[in-house]
Amino acid sequence: MASTVITGISELWTFDPALEDPSAPPRGMSDGQLLRDAAVVIDSGHIAWTGPATEAPAADDQADLGGRAVLPGWVDSHTHLVFAGDRSAEFEARMAGESYAAGGISVTTGATRAARDEELLALVRSRITEAVRGGTTCLETKTGYGLTVDEEARAARLLAQLHAAGEIDEITYLGAHLVPGEFEGRGEEYVDLVAGPMLEAVQDAAGPALRWIDVFCEDGAFDSEQSTRVLRAGADAGLGLRVHGNQLGRTGGVQLACDLGAASVDHLNHLDPADVDALAATAALPVAPGEEPGVLDARTGPTVATVLPACDLSTRAPLAPARELLEAGAQLAIASNCNPGTSYTSSLAFCVATAVLQMRLTLAEAVRAATRGGALALRRNDVGHLGVGARADLHVLDAPAAIHLAYRPGMPLTHAVWRRGTRVL
Ligand code: NIG
């Protein structure tokens with residue numbers, strides 16, 4: 001692959017981990033992580049050099065961005081892209097005063113089971129395309145709308161296909177999304193299935209591309225004891241852990257995630273001070289056991305507090321306390337939670353603008369959370385920053401300064417995207 005020098009960069013936000021203060025989880029930008037009038041050299045799909053444009057080395061090719069701001073591509077650490085059907089009527093009813101109930105998941109489960117493989121693949125691919133057009137270059141997505149052994153395995157197999165083609169980066173098994181109708185009143189039996197034969201079938205279907213197991217720990221879904229059972233089975237099978245927690249109430253998800261060493265607990269709309277403290281306490285754990293940019297061990301590191309601003313707006317939930325979490329010292333991520341029920345958008349630009357305008361984050365804090373924070377929630381240090389050796393995933397804004405993301409919310413500010421060193425937009 002030829003090397004390329006990219007010039008005409010008014011602001012280059014590197015979030016280079018080498019410049020982070022190891023004694024404190026950084027909130028926004030550390031000294032030296034923002035370069036002005038900068039250049040980047042990419043080589044063989046990776047960042048080879050960053051610095052002042054006047055000192056840029058020569059390369060095989062050249063691209064001039066004409067004075068635009070460049071960020072690391074967004075790292076979306078929480079999406080549910082494998083689904084069919086439409087739930088816009090449920091959203092409309094919510095905007096008219098209904099409250100969100102997780103039961104809507106079963107509507108999507110019905111439509112997803114009825115869709116043929118090719119239909120589902122085409123739907124997922126169209127959602128990936130939307131995400132990339134908005135600047136997302138690293139994408140996690142989950143099973144969770146099949147909820148039978150065969151259907152969860154099918155979703156895992158389709159995701160493994162997309163993973164092999166480089167279209168998604170991370171796969172999560174979410175058989176514990178909801179107890180499906182066929183198991184009504186037999187939740188324990190369903191948990192046995194999720195933690196046993198379904199887990200095995202999903203691992204067989206996805207192979208080593210499957211890195212995570214997740215559980216919706218909530219009243220009406222899975223209680224703490226059931227969630228623990230599911231997560232322990234996943235850990236025994238070699239998977240890293242993720243939790244949907246404290247979305248609808250104080251149901252113990254955060255404590256569970258921290259106790260079991262989950263990589264991330266997501267939603268966080270209803271927290272006690274003890275939850276905030278527990279998350280902050282994990283932030284002191286090393287995030288990068290190896291210095292080389294790469295995919296880290298899924299089983300060790302901080303439990304990242306992942307907030308989902310678009311979901312909070314779409315469900316009219318109390319906004320997750322992102323400011324308080326950061327000030328307490330927690331590692332913070334922002335993700336889209338793109339799904340048909342609670343957040344049908346993959347726009348991280350929208351989430352970042354909301355985090356600034358509504359959650360009182362600075363732009364640097366919000367952008368870090370949607371790049372480096374998302375990467376840490378996936379226990380990766382090869383993406384989410386533009387330090388030397390990182391994957392060359394670049395998000396070029398059609399703006400001279402990144403603050404335009406919040407200053408001009410809703411405007412199409414993605415000008416160009418490089419993914420793994422190739423310009424894809
Ligand atoms: O993350 N909370 C659980 N799962 C999804 C919603 C799924 C749905 O309603 O379809 C979420 O918000």
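This is a predicted model: local features need pLDDT of at least 70, side-chain atom pairs count only at pLDDT 80 or more; totals for chains, interfaces and linings use all residues.
## Around the ligand

The shell around the ligand has 5 nonpolar residues, 9 polar ones and no charged ones. In total, 14 residues surround the ligand, and the closest are G104, I105, N339, G341 and T342.

## What the record marks

An unreviewed UniProt entry gives the feature "binding site" at R87, Y145, H177, Q247 and T342. The UniProt annotation "binding site", again from an unreviewed entry, also covers Y145, N339 and G341. Those three span 197 residues in sequence, yet no two of their C-alpha atoms are more than 11.3 Å apart, so they gather at one spot.

Let's visit Y145, which sits in the loop between β6 and α4. Y145 is buried because 31 other C-beta atoms lie within 10 Å, and the cut-off for buried is 20 or more. Setting aside residues within four places in sequence, its contacts are V82, F83, T108, T109 and T112.

H177 belongs to the loop between β7 and α5. H177 has 26 C-beta neighbours inside 10 Å, so it counts as buried.

## The loop between β12 and α11

Here you will find G341 and T342. G341 counts as buried, with 24 C-beta neighbours inside 10 Å, and T342 counts as buried with 26.

Which residues does G341 touch, not counting those up to four places away in sequence? They are R87, E90, G104, I105 and T108.

How values were computed: Residues are numbered from 1 along each chain as its sequence is written. A residue is near a molecule or strand if its C-beta atom, placed from the backbone, lies within 6 Å of it. Ala, Val, Leu, Ile, Met, Phe, Trp, Tyr, Cys and Pro count as nonpolar, Asp, Glu, Lys and Arg as charged, and the others, Gly among them, as polar. UniProt positions are given in the numbering used here, feature names are shortened, and annotations may be inferred rather than shown by experiment. Helices (H or I, at least four residues) and strands (E, at least two) are DSSP runs, numbered from the N terminus. A residue is buried if 20 or more other C-beta atoms lie within 10 Å of its own, exposed if 12 or fewer, and partly exposed in between; C-beta atoms are placed from the backbone. Two residues are in contact if their C-beta atoms, placed from the backbone, lie within 7 Å.
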